[in-house]
Amino acid sequence: MCSHASGRLNRPSGPAPVTTLIPVLGDQLSRSLASLRGVDPADAVVLMMEVWDEATYVRHHKKKIALIFSAMRHFAEELRSAGWSVDYIPLDARGNTQSFTGEVVRAAKRHKAQAIRVVEGAEYRVRQMQDEWADRTGIDVEILIDDRFVCPLSDFYTWAQGRREHRMEYFYRDMRRRTGLLMREDGKPEGGQWNFDHDNRGTPPRGLNYPAPERFKPDAITQDVLALVEKRFAGHFGDLEPFGLPVTRKQALKSLKHFIATALPDFGQYQDAMVAGHDYLYHSSLSLCLNIGLLEPLEVCKAAEDAYKRGDAPINSVEGFIRQIIGWREYIRGMYWWDMPKFAERNALKATRPLPEFYWTGDTDLRCLSESVGQTKREAYAHHIQRLMVLGNFALVAGVDPQAVSDWFLVVYFDAYEWVELPNVVGMSQFADGGMIASKPYASSGAYIDRMSDYCGKCRYSVKQKTGPDACPFNALYWHFLARHEKRFAGNPRMGTMYATWRRMSEDKRAEYLASADAFLETLEPAKAGWAREGKTG
Ligand code: FAD
Ligand code: DLZ
């Protein structure tokens, strides 16, 4: 993949050394990075840049900015120790143009670079910028495939082409065969089936001792970054401290080992559960390491598979975990590139309501939402079911503009990059892609949240009550959603029973549900401008 075909990076025959500029972006912190492989460090300069544009194209959570800057600074040190020349541009460096393109142009001149070699940006926005670099610098730019993903995009497109439906499950089976993970020698899946999800919907008994994820004391580099973020990004969402996230490969490997030993065995059984006050349950929180390159997907899956082979973790946990990574993570990335740039504009359900202010403040009487937002503010983390069935579900049934929802998700999570956030939000959670990713909308009433969590017991609303000012708002909003979109969903075989129930209700009952939902929607305060993007509502 070359924007200015060159590809020749060998030493020239003459005496003058070729200086190759290797920009390494903030989510490319892997020693195995394609642009670093096969290059003699003596002939290259690695460019790393902290730039305002990346830190503010949405106003990221403070913890996320600190994580990326600290991990970048540590990675630069690691490269230097390995013999690389690293030109590291801190945010406050004199002359910093505060954009990737501006810094690449400056560095190319400064180092008299004769070639640029870079791994493709993970986000469409950044990939577009890279296409300009050859013209802007006047030198060859080699843009390499990001082979840290298991499935090359060209293979994903081959899989996707000609299929009417792009369901993850079939892609996942191909990925199992491709990687050999949890595969028997006879070509059959380990444990006799591909998917053990039916074993993964347990409700944790009271008083379980949940393992906390591994956390690390900030060293001098991280402390400098924390001071910088406090000073320069004070108005951004979220709590900066306490800060203990892994910021080096060594710490990431320690986190992986800790997860395998303490949480993986119960990962499957309680995967969909939500418990107030326990932010991580048995989830790995490894997404932050995977998404910036401190861990690679196959090594993480291999570690889980090894635990299964040793008899340290059951098949339902290990299969469920591996499916998230070689299945969902790779599939989501493929779907992003398959549909961009249209994906970012999709709004199949024509939802236009502004995001409610409580997504930023946590100030709502719905306990599931105030707990999930509160945890997001503190940790820059919520697990999958909180994201999908509480935060996403509410926005879906309330009819919130999917772009505003997507901006919120992109800001608030430590693992949020557009390639993975957007298809999960616009596609899976808001059904704004019209069903490319999900075969039915992830909408539910309060009953689902009550079944899967302990939120409802102490909520000011009653989950048992269906309508009225004291009823859980999810109950009426759910029917309001189904009624609004009856034309689209009534024929969906997975939703037939719900529409049959709706139609069996008396006219009065239906009107009561709709009025109750409308009354609640009236009370929602729209988010103030500027939370997610400078000057933009929501
Ligand atoms: P675990 O539960 O331990 O799962 C293991 C790993 O599987 C994760 O680390 C992650 O790498 C991968 N994974 C699981 N589900 C998905 C998925 N649907 N898509 C991609 N990877 C997956 N994930 C992100 O990495 N960044 C995001 O910005 C993001 N936004 C999301 C928004 C919504 C509305 C939803 C429903 C999901 C989103 N996800 C996102 C997917 C998933 O929720 C997170 O990957 C997961 O919660 C991260 O926590 P964990 O590492 O503890 O995951
Ligand atoms: C998210 C982010 C932030 C906050 N800041 C930087 C930065 O200053 N420099 C950098 O190289 N990367 C940063 N990133 C991550 C980039 O946005 C990320 O590399 C792109 O999303 C890649 O597509």
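In helix α8, Arg 249, Leu 253, Leu 256 and Ile 260 meet Glu 299, Val 300, Ala 303, Ala 304 and Ala 307 of helix α11, where contact means heavy atoms within 4.5 Å. The residues of this contact divide into 7 nonpolar, no polar and 2 charged, with Ala, Val, Leu, Ile, Met, Phe, Trp, Tyr, Cys and Pro counted as nonpolar, Asp, Glu, Lys and Arg as charged, and the others, Gly among them, as polar. This is a predicted model, in which local features need pLDDT of at least 70 and side-chain atom pairs count only at pLDDT 80 or more, while totals for chains, interfaces and linings use all residues. Residues are numbered from 1 along each chain as its sequence is written, and side-chain values use heavy atoms, with hydrogens and water left out.

The axes of α8 (residues 249-262) and α11 (residues 297-309) come within 10 Å and cross at roughly 30 degrees; axes are lines fitted to C-alpha atoms, for helices over the stretch in contact, with angles running from 0 to 180 degrees between N-to-C directions. The two helices, α8 and α11, are therefore roughly parallel to each other, a term for angles under 35 degrees. Helices here are DSSP runs (H or I, at least four residues), numbered from the N terminus.

Turning to aromatic side chains, the structure holds 38 aromatic pairs, a pair being rings of Phe, Tyr or Trp (its six-membered ring) whose centres lie within 6.5 Å. Trp 52 and Phe 233 form a stacked pair, 4.9 Å centre to centre with 20 degrees between the planes, stacked meaning planes under 30 degrees apart. Because Trp 52 lies in helix α1 (residues 52-56) and Phe 233 in the loop between α7 (220-232) and α8, this pair ties together parts that are 181 residues apart in sequence. Trp 52, at 28% relative accessibility, counts as partly exposed, whereas Phe 233, at 0%, counts as buried; buried means under 20% relative accessible area, exposed over 50%, and partly exposed in between (1.4 Å probe, protein chains only).

Trp 408 and Phe 409 form an edge-to-face pair, 4.9 Å centre to centre with 90 degrees between the planes, edge-to-face meaning over 60 degrees. Both Trp 408 and Phe 409 are buried, and they belong to one aromatic cluster that also includes Phe 237, Tyr 413 and Trp 531.

Phe 267, which lies in helix α9 (residues 264-267), is buried, with a relative accessible area of 5%. Not counting residues up to four places away in sequence, Phe 267 touches Phe 259, Tyr 282, His 283, Ser 317, Gly 320, Phe 321 and Gln 324. Of these, His 283 is 16 residues from Phe 267 in sequence and 6.2 Å away in space, C-alpha to C-alpha.

How values were computed: Chains are lettered from A and ligands numbered from 1 in the order in which they are written. Angles under 35 degrees count as roughly parallel, over 145 as roughly antiparallel, 65 to 115 as roughly perpendicular and the rest as oblique.
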